[in-house]
Amino acid sequence: MPDIGGLHIAGPAFGALAVTLSIILYYAAQTVYLLFFHPLAKYPGPKLAAISELWWVWALSSERFPFIVYDLHKKHGDVIRIGPNELSFATAEAFQDIHGHVSKGKARFLKTEFYDNDDPVPRIVGARDPEVHARQRKALSHAFSAKSLRDQEEIVQKYVDGFVQQLAKLGDHGKKALNVPETFNWLTFDVIGSCYLCPESVRPIRLLMQCLGDLSFGEPFGGVAKGETHVWIKVILDSVLYMQTTFLRKRLPFLNPIMPYILPKGSTEKVKTHREFSKRLSEKRLQMGDTGRADFFSHMLKKNTMSVQEMMSQTSTLIIAGSETTATSLSGITWFLLKNPDCMVRLQKEVRGAFTSLDQITGESTAGLPYLHGVIEESLRLFPPVPFSLPRHSPGAVVDGYYVPKGTVVSVAPLNLTRDPRYWQDPDSFRPERWIGEGFNDQKKASQPFSTGPRACLGINLAYLEMKIVLATMVFLFDWELAVPRDEWIRDCKMRILWKKADLWVKYHPRVAA
Ligand code: HEM
């Protein structure tokens with residue numbers, strides 16, 4: 001029986017005490033190291049973030065991550081420590097250093113574990129190995145060529161026509177308010193579903209009826225046709241929340257056992273359902289082989305550089321990457337136009353002056369409307385549809401003048417960059433004219449909603465095409481009214497990897513002259 005300072009402690013109790021003391025000492029020593037001697041110790045930020053992953057987990061779970069990081073940069077400056085081994089930057093130079101192309105032979109910043117999920121094979125957005133990613137990107141890039149875009153325009157036109165008819169019908173010609181984020185989801189999921197499968201209108205309907213027949217689904221997602229959110233879209237949006245928790249669980253594995261109690265009921269099942277839908281849809285499309293039509297799948301098949309599993313795993317990613325982002329952008333644009341009636345009037349003048357009938361509204365004709373372009377760019381600046389800060393591992397390199405040790409996680413806070421007075425005149429105001437001609441001499445590289453470099457968005461041209469056609473059509477046909485007045489909308493949105501948008505109720509009145 002050990003005798004400590006006159007205290008007699010039994011053997012097992014002594015063992016437990018020794019273990020407890022060792023653990024306390026270990027964490028105390030680690031805390032001192034992380035706070036004072038770690039290579040990142042000199043950077044400001046929350047103390048909890050410096051010593052533990054708990055801060056990051058708290059910030060991500062709060063669903064307010066971009067706002068929290070925004071406020072921290074405002075308080076502490078351009079470089080802050082947001083994890084024991086993680087830095088957040090707030091400059092355009094840092095964005096370029098981390099995401100831009102690097103010269104041959106130089107090491108690249110690669111995606112972190114944040115992008116991992118439980119999928120057996122990586123898919124384009126999540127592929128961390130540069131070789132796997134380059135191969136997948138090459139196979140898919142043809143689906144985003146100028147020629148493919150021309151095919152995709154037909155799809156966009158078709159769904160936009162149906163969409164505005166639904167807005168008129170369901171909105172009872174301006175008498176009833178519609179929830180904007182939801183309506184744009186009908187459209188963008190239908191468009192991407194159709195581009196993904198095949199552009200001929202009847203095909204996706206039949207295909208989906210065949211493979212998901214028992215669930216009696218209609219068109220690709222049937223959102224526009226039915227004027228309601230398809231059950232798969234609901235499942236997809238919920239499973240994005242689950243994906244967010246995957247990162248949390250990976251970062252703090254001890255959370256695993258309690259996750260089922262924290263997650264909303266049925267989350268795990270929803271992810272499974274989403275994967276099952278994607279799998280069945282892909283299988284059916286693969287069975288069809290070469291259909292002679294240029295959909296996303298046909299390009300992958302033609303390239304023949306991806307395994308069947310790899311091709312199938314792209315489905316769920318592309319459907320989310322291509323639809324939710326565009327719907328978010330369109331919702332943001334709606335908000336800014338309604339809060340800035342002068343801008344709305346100027347846009348109406350441009351669109352209504354340029355066209356006398358709907359059939360004149362095309363990809364080519366809308367590409368020549370500078371104010372429309374300015375409206376889209378300005379909204380993407382103030383409300384970037386991808387709110388998370390695209391984390392990367394430093395290869396041991398300089399970021400905006402700071403040497404960042406190898407393995408450190410680095411990212412750039414999207415909201416700070418786009419509202420920084422060093423880059424933008426009158427940064428918090430919605431001023432589409434800044435994007436026309438010389439504008440205000442802003443440093444436009446500080447707005448990178450589609451990212452840049454080898455991992456930049458593949459669907460950028462499709463996104464602009466879709467946004468321009470739908471906005472021009474809606475402005476041409478309707479006068480918009482904010483049905484439920486509100487002072488703020490952006491800060492009411494939450495981050496679940498992508499934005500979970502707050503409701504935005506709008507009435508679409510038929511334009512008198514139309
Ligand atoms: C306004 C609409 C859109 C925005 C703001 C947007 C934004 C982005 C961003 C920021 C990334 C980089 C993600 C990262 O580094 O983790 C990305 C990647 C990607 N986006 Fe988009 N996107 C939009 C629309 C689309 C559309 C319509 C498609 C078509 C399917 C698409 C397909 C992709 C793909 C395939 C990638 C992965 C590229 C790669 O890793 O090589 N996106 N997007």
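Two residues are in contact if their C-beta atoms, placed from the backbone, lie within 7 Å. Among contacts in this chain between residues at least 6 apart in sequence, 74% join residues at least 24 apart. The model on display is predicted: local features need pLDDT of at least 70, side-chain atom pairs count only at pLDDT 80 or more, and totals for chains, interfaces and linings use all residues. Residues are numbered from 1 along each chain as its sequence is written.

**The whole chain**

Of the 514 residues in the chain, 43% are buried. A residue is buried if 20 or more other C-beta atoms lie within 10 Å of its own, exposed if 12 or fewer, and partly exposed in between, with C-beta atoms placed from the backbone.

**Residues 12-37**

Next, select residues 12-37, which UniProt lists under "transmembrane region" in an unreviewed entry. UniProt positions are given in the numbering used here, feature names are shortened, and annotations may be inferred rather than shown by experiment. This stretch is 100% helix and 0% strand, and its end C-alpha atoms are 36 Å apart.

**Helix H3**

Move on to helix H3, residues 54-61, whose buried residues are Trp-55, Trp-56, Ala-59 and Leu-60. These residues lie on the same side of H3 because they cover an arc of only 125° around the axis, the arc being that of the directions from the helix axis to the C-beta atoms. After H3 comes Glu-63, with a positive phi near 65°.

**The ligand shell**

Now select the ligand and the residues around it. The shell has 22 residues, and the closest are Gly-322, Thr-325, Cys-457, Gly-459 and Ala-463; a residue is near a molecule if its C-beta atom, placed from the backbone, lies within 6 Å of it. Helix H15 (308-339) and helix H20 (460-477) are the elements that give two or more residues to this shell. H15 gives the most, with six residues.

By type, the shell divides into 14 nonpolar, six polar and two charged residues. Here Ala, Val, Leu, Ile, Met, Phe, Trp, Tyr, Cys and Pro count as nonpolar, Asp, Glu, Lys and Arg as charged, and the others, Gly among them, as polar.

Not counting residues up to four places away in sequence, Cys-457 touches Phe-450 and Ser-451.

Select Ser-451, which is also found in the loop between H19 and H20. Its phi is near 65°, a positive value in a residue other than glycine. Ser-451 has 19 other C-beta atoms within 10 Å and is therefore partly exposed.

Asp-426 lies in the loop between H19 and H20. Although not a glycine, Asp-426 has a positive phi of about 50°. With 11 C-beta neighbours inside 10 Å, Asp-426 counts as exposed.

**Thr-317 in helix H15**

Return to helix H15 and select Thr-317. Which residues does Thr-317 contact, leaving aside its neighbours within four places in sequence? They are Arg-123, Ile-124 and Val-125. Thr-317 and Arg-123 are 194 residues apart in sequence, yet their C-alpha atoms are 7.0 Å apart in space. Thr-317 counts as partly exposed, with 18 C-beta neighbours inside 10 Å.

Leu-347 is found in helix H16, residues 341-354. It is buried, with 22 other C-beta atoms within 10 Å. Beyond residues up to four places away in sequence, Leu-347 touches Leu-337, Tyr-371, Leu-372, Val-375 and Val-475.

To finish, show the nonpolar cores, each a set of buried Ala, Val, Leu, Ile, Met, Phe, Trp, Tyr and Cys residues joined through C-beta atoms within 7 Å. In the largest, which has 69 residues, Phe-163, Leu-372, Val-470, Leu-471 and Ala-472 touch the most other members. Apart from that core lies another of 39 residues, including Ala-59, Val-409, Ala-413 and Ala-446.

Conventions
Helices (H or I, at least four residues) and strands (E, at least two) are DSSP runs, numbered from the N terminus.
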